[in-house]
Every structure is written in structure tokens, then in C-alpha cells.
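Colleague: I am new to reading protein models, and I would like some practice. Could we go through one together, feature by feature?

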Amino acid sequence: MINRLDKVITLIDTPLYHTIGEAADSIDRPCYAVGGCVRDMFLERPSKDIDFVTVGSGIELAEVVAARLGKGTHLTVFRNFGTAQVKRNGMELEFVGARRESYHRNSRKPIVEDGTLEEDLSRRDFTINALALQVNSKGFGQLIDLFDGLADMEARILRTPLDPDITFSDDPLRMMRAIRFATQLQFDIFPETFEAIRRNAERIKIISRERIVDELMKIMKSPRPSIGWQLLLDCGLLQLIMPELAAMQGVETVNGRGHKDNFSHTLEVLDNVSAKSDNVWLRWAALMHDIAKPVTKRWDERAGWTFHNHNFVGSKMVPRIFRYMRLPQDQKMKYVAKLVELHMRPIALVEEEVTDSAVRRLINDAGEDLEDLMTLCEADITSKNREKVKRLLNNFALVREKIADLNVRDEIRKLQPPVDGNEIMEIFGISGGPVIGVIKSALKNAILDGIIAPNDRDAAMELMYRIAAENGLTPKA
């Protein structure tokens, strides 16, 4: 880590840091780069946001820095918060005066007062975020590490600078941040710190859903999101945040017959998807694909444990969960619900003969999300039986071949019946009614089943007249 310190000093030995240090010197203020940017330097992670702390007015220092940086620099002052932001060349520099904080029991909004550098660093969430690098000319590059954050980084652990019970009770969002950092950095949470999260889990109730979702989204965008969800379960936060997911844990046994732990299976599927795709909403679909298994679980004396229609029930649960979690209510939610509903379809196809008709229906229902659906379904194969996995993957490859062949032959996604509802009503002189849907459905199914060739209007009209006659309709005179 000493070698890393030498490298970090080299990283800040740039005109930007020297300019900021000289600006601080000009008004006789100590100035330090602090927090996440310093941590990321040691971890060799990219960072475009740099926080600076001074003892005194952060706004005054930011004004001097902006003036020295000159043309192309944008200064924004937040006087209510005592902070200022300087933007230049894609970099965001945040300036604040050193502070100390105190909290009321029912709010995470602190009472802020001017403080020393030591007080400012002690209020930080974790020791690895309580590092400071001086940028003044005298002492340039000096590391301030009051809480052994460097050693914790070397040991890859997350620990709070002060009493973790006070840290998490004062600002319960820090519990979510602990799990998010553990997931992003793949660090362990120090046992005493983790037990404090467990003891204070109920305090998460004072945090807004929006702030919680911010942290969950960062967990979901991590290389292995399962780390975070497992930690959320183990510390008791998941039961409070998303009880439907927590309910998936565990195995019930009757007459010596059990089922797999659906929570563990879900995390395995989530990581499988994450290894193949950065699409965060596909990852949410993986997380929720079996969400209805706890509510559809039944014991059958002959079949054993069943979860009939869990895909359909799960798709209906998605909008409600997204609503109370403050997740988007737009197409992203509909996308997740659709994949949850359809995730059993390709699996069913590989268990039986793959017919053109069945594949056509799958293509039609999945639409533009077909490839994502196939990715989810392949990720859903988590059997420890290697031969079974090989067989299922081979069958999935067969389905993919059939899909490609059908797309070339008839461009199934663009198919529309050559007779629409308005024309049907005009031909038979009616203004609507269930029979219109019956005819349209018959036309669509005939095309999907290959009975009528795409865009064959004559055949479609013939079928339309036959179905209409069966339902008591005759063309208008």
C-alpha cells in the first residue's frame, strides 16, 4: 500500500490540484481532497467527482479556485448548504467547509456546525471514505488517515470510524451504503459493523424509498449483484425493504420431499444474467422472475411441490412492487413484467418437440425483447447436473435456430392480419361487439399457425366470412 501512496501522490501532481492548492494558500486556508475520490485513487478506480474540504468557507475557496481556473469554468453556489461546485472539462469539484453534525432521532437530516478537519473526517460513513490528501503547497500529498482507512482498504473491509450503532442510527441510509460498497468493491463488512446494521435495521423505515432505490440500483449495476441481496437478507433489511423477495428463502419438506431454495436460485440466475448483460432492467427481471413462487407453492401428494402459474402471478405482482418501491411506472416496468410472464415459455419449448407454431407465438409475444428473454431463460438453468444443463442448452440452441429461420422466412414480427377491425365492421354493417374480436383472433392465429400465408388477403377474407357465418353475421346488402 506504501507503493500505492507514492502512485496516488503522482496522480495528484497535476496542474489542477496545484492550482487548487495555490488558491487555498492565497487566502491562507488548508485544503484537502477527501472521501470517495481519495479511496478510488488507492483502488485505481476512475472518478470524475472530487470533493475538497477546507477549514473555513468552502464557498469562498471555490470562488477563488474558479477565478484562477478562468475561461470555461462554471461555478454554482449552494449557500443554504454552505457548499459550492466548480465544473471544468468534465470534472466536478465540490468545495465545503469542515463540519460537525448532530441528529434528531426521527430524521437523518443533520444539524450542521463549523468544525475541524478531524471532526469532519470522523462524521464520514466508513474509514475508507475518511481519508484526506492535502493539496496546499506546503504538505502537498500528505495523507491524513485518522481511522486506519488505508489498512482497512488493504484488508478489504468496511468499518465505521466511530461507534457503528450511532453511525447507523443517526443516518440509516449508511446501512444501505455499506451493502452497496461491499457489493461494488467486493469488500467484507467488519463483523461488529454488520451486527450494528442488524441491530438498527428497523431504522431504515425513516429513509425515503427513492433514496433506498438509488442504492439498490447501484447494487444492481455491480458486477455481482447477488452479494448485495444476500447481505440485505442476512442483516434483516430485505424483509423491511422487499418482503416478497425475502419470502423466497428457505426449503420446506413434506414426506422427505423438498424444493430448491428459490432465493438462492434467484441470486444465481441474477449473476448469470449480469455476466452476460449490463441491462439493469433485465437484471431486475432476473431478480423477480420467480417472485410469485412463495404465494403459488402447493403440495401435491403425487407431484410433490408445485408452483403452478407462478409466472403469470409474478407478472401481476411486478407493477405493485415497482409502485411501492418507487421504481419506474413506465415501459421499464412493463418490460420486467413481460419477461417475468414469458420466462417459462422457452423452457417449455425445449421440453417438447419444437413446432413452427409454438415458436411463432413466442416470437410474436416477446417482440423486440426476444433476445433478452432467451438470455434470462438460459441464465435460469442452474442445475448441478452437468448433463442436464448441456441438454437444455443444446435445446435452447435449437430454438434459436428455429427463430432465426422463421424470421428469415416470414418476418413474423411485422405480421398483421390483412383485414382489420374497421373493415370487418364495414363489411357486416355493425359498430362493434365481441364477434369482431373473435374474427380478428381467428385471423391472427391462422397466420401464426401457418394456415394462412402472410399478407394473403384472399385466404384471410375467406376465413373471415366463414367465422362470421358461424357467429350469425352476414354481409350488409
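Colleague: Let me start with asparagine 255: is it buried or exposed?

Modeller: Good place to begin, and please keep in mind that this model is predicted. Asparagine 255 has a relative accessible area of 61%. Exposed means over 50%, so asparagine 255 counts as exposed. It lies in the loop between strand 12 (253-254) and strand 13 (257-258).

Colleague: Which residues does asparagine 255 touch, leaving out those up to four places away in sequence?

Modeller: Asparagine 255 touches Trp299 and Glu301. Glutamate 301 is 46 residues apart from asparagine 255 along the chain, and their C-alpha atoms are separated by 9.2 Å.

Colleague: Now the inside. Which residues have the most contacts within the largest nonpolar core?

Modeller: The general idea comes first: in soluble globular proteins, nonpolar side chains tend to be buried together. Here the largest nonpolar core has 117 residues, and those with the most contacts inside it are Phe52, Leu216, Trp229, Leu237, Trp284, Met288 and Val336. Apart from this core lies another, of 18 residues, including Phe428 and Met464.

Colleague: What does tryptophan 284 touch, if residues up to four places away in sequence are not counted?

Modeller: Tryptophan 284 touches Leu216, Met217, Met220, Trp229, Leu327 and Val336. Tryptophan 284 also belongs to a cluster, in which ring pairs link Trp229, Trp281, Trp284 and Phe322.

Colleague: How should I read a ring pair?

Modeller: A pair of aromatic rings is described by the distance of the centres and the angle of the planes. The count in this model comes to seven aromatic pairs. One of them joins phenylalanine 428 and tyrosine 465: the centres are 5.9 Å apart, with 65° between the planes, and the pair is edge-to-face.

Colleague: Why does that pair tie together separate parts of the chain?

Modeller: Phenylalanine 428 lies in helix 23 (residues 421-428) and tyrosine 465 in helix 25 (residues 457-470), so the pair connects parts that are 37 residues apart in sequence. The two partners can also be read by accessibility. Phenylalanine 428 counts as buried, at 5% relative accessibility, while tyrosine 465 counts as partly exposed, at 37%.

Colleague: And what about a charge over a ring?

Modeller: You can look at arginine 180, whose charged end sits over the ring of phenylalanine 181, 4.4 Å from its centre. For lysine 293, the charged end sits over the ring of phenylalanine 307, 4.9 Å from the centre.

Colleague: At what angle do the axes of helix 9 and helix 11 cross?

Modeller: Two packed helices are described by the angle between their axes and the distance between the axes. The axes of helix 9 (residues 191-200) and helix 11 (residues 226-235) cross at roughly 65° and come within 9 Å. Phe194, Ile197 and Arg198 in helix 9 meet Leu231, Asp234 and Cys235 in helix 11. The residues of this contact divide into four nonpolar, no polar and two charged.

Colleague: One more: which value of phi does asparagine 309 have?

Modeller: Most residues other than glycine have a negative phi. Asparagine 309 is not a glycine, yet its phi is positive, about 65°. Asparagine 309 is found in the loop between strand 15 (304-306) and helix 17 (310-325). Asparagine 89 also has a positive phi, near 50°, and it is found in the loop between strand 4 (83-88) and strand 5 (91-97).

How values were computed
Residues are numbered from 1 along each chain as its sequence is written. This is a predicted model: local features need pLDDT of at least 70, side-chain atom pairs count only at pLDDT 80 or more; totals for chains, interfaces and linings use all residues. Side-chain values use heavy atoms; hydrogens and water are left out. A nonpolar core is a set of buried Ala, Val, Leu, Ile, Met, Phe, Trp, Tyr and Cys residues joined through side-chain atoms within 4.5 Å. Buried means under 20% relative accessible area, exposed over 50%, partly exposed in between (1.4 Å probe, protein chains only). Contact means heavy atoms within 4.5 Å. Rings of Phe, Tyr and Trp (its six-membered ring) pair if their centres lie within 6.5 Å; planes under 30 degrees apart count as stacked, over 60 as edge-to-face and the rest as tilted. Helices (H or I, at least four residues) and strands (E, at least two) are DSSP runs, numbered from the N terminus. A charge sits over a ring if NZ of Lys or CZ of Arg is within 6 Å of the ring centre and within 35 degrees of the ring normal. Axes are lines fitted to C-alpha atoms, for helices over the stretch in contact, and angles run from 0 to 180 degrees between N-to-C directions. Ala, Val, Leu, Ile, Met, Phe, Trp, Tyr, Cys and Pro count as nonpolar, Asp, Glu, Lys and Arg as charged, and the others, Gly among them, as polar.
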